[in-house]
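The sequence and coordinates are shown below for reference.

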Amino acid sequence: MTGLFISFEGVDGVGKTTQVERLRDYLEAAGREVVVTREPGGTALGGSLRQLLLREPGDAAEADGADIAPRAEALIFAADRAQHVAEIIRPALEAGQPVLCDRYTDSTLAYQGHGRGLDTEYLHRLNQAATGGLQPDLTLLLDLPVRCGLMRAGERNRQEGLVVSEGRFDSESLDFHERVRQGYRVLAEDEPERFAIVDASQPPEDVVLQCRSAVESHLRQRGRGLEWFCVQG
């Protein structure tokens with residue numbers, strides 16, 4: 001594969017969507033069309049699964065099966081991811097296109113593993129099966145204190161008229177989100193060559209510059225520069 005695969009991770013409210021859009025604009029200005037996608041919901045099947053996962057426990061949809069067990073939740077995300085890789089991510093990379101993905105395998109390890117308490121080795125194997133071993137070249141971990149992230153997420157949801165935006169996780173306890181944040185930091189410590197931790201508590205423009213710097217550093221380490229986006233294919 002010749003494309004560049006970058007994932008964005010972090011607890012809810014860190015500003016992933018904004019940073020994905022800003023990095024896409026930056027990379028496309030260098031001369032390459034960039035594929036932007038997300039999990040869950042990057043495909044038609046994923047959109048249906050996302051609607052299921054967006055339901056809150058205790059709402060009217062619970063009678064239709066919205067009270068999902070943690071292991072079943074992980075399997076739904078894996079099904080979404082398998083389709084996502086097959087339909088969107090792998091074909092784009094094989095065509096030499098950069099791919100920016102809002103959440104990927106690390107979300108399962110952080111949320112269902114560290115947050116829900118499922119065995120992380122099992123989740124690693126589940127991710128491997130769903131993706132065929134496809135990992136991002138670079139993962140930008142937008143790190144933010146949990147209380148700040150939840151406040152941002154709550155304000156965003158109010159502005160957009162939403163109850164939840166990240167599955168049922170918005171309504172989870174503070175302790176749950178703290179476990180997720182710590183889980184992400186453990187993942188970054190385990191794979192420092194893949195992860196770049198970005199301080200998302202800074203003003204948005206400063207976060208933009210941190211993300212750009214991380215991408216440029218990644219390219220330099222692999223003997224590439226931004227001109228790579230102009231000359232590929």
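## Strand pairing

Two strands are taken as paired if DSSP finds at least two bridges between them. Helices (H or I, at least four residues) and strands (E, at least two) are DSSP runs, numbered from the N terminus. The model is predicted: local features need pLDDT of at least 70 and side-chain atom pairs count only at pLDDT 80 or more, whereas totals for chains, interfaces and linings use all residues. Residues are numbered from 1 along each chain as its sequence is written, and side-chain values use heavy atoms, without hydrogens and water.

An open sheet is formed by five strands with parallel pairing, in the order 2-3-1-4-5. Strand 2 (35-38) and strand 5 (195-199) are the edge strands, each with a single partner, so one side of each has no neighbour in the sheet. From one strand to the next the twist averages 20 degrees (axes are lines fitted to C-alpha atoms, and angles run from 0 to 180 degrees between N-to-C directions). Four bridges join strand 1 (residues 5-9) to strand 4 in the parallel sense, and S7 lies opposite T139 of strand 4.

## Cavity

A cavity is a set of points on a 1 Å grid over the protein atoms alone where a 1.4 Å probe fits but cannot get out; lining residues have an atom within 4 Å of a point. Grid points are joined across faces, edges and corners, and a volume is the space filled by probe spheres set on the points. One cavity of 30 Å³ or more is counted, and the largest cavity holds about 30 Å³.

## Cavity lining

The lining of the largest cavity consists of G10, V11, L141, L142, D143, L144, R181 and Y184. Strand 4 (138-143) and helix 7 (174-190) each supply at least two of its residues, with strand 4 giving the most, three. By class, the lining has five nonpolar residues, one polar and two charged (Ala, Val, Leu, Ile, Met, Phe, Trp, Tyr, Cys and Pro are nonpolar, Asp, Glu, Lys and Arg charged, and the others, Gly among them, polar).

Key:
On a 1 Å grid over the protein atoms alone, a cavity is a set of points where a 1.4 Å probe fits but cannot get out, and a pocket is an open set with protein on both sides within 12 Å along at least five of seven lines; lining residues have an atom within 4 Å of a point.
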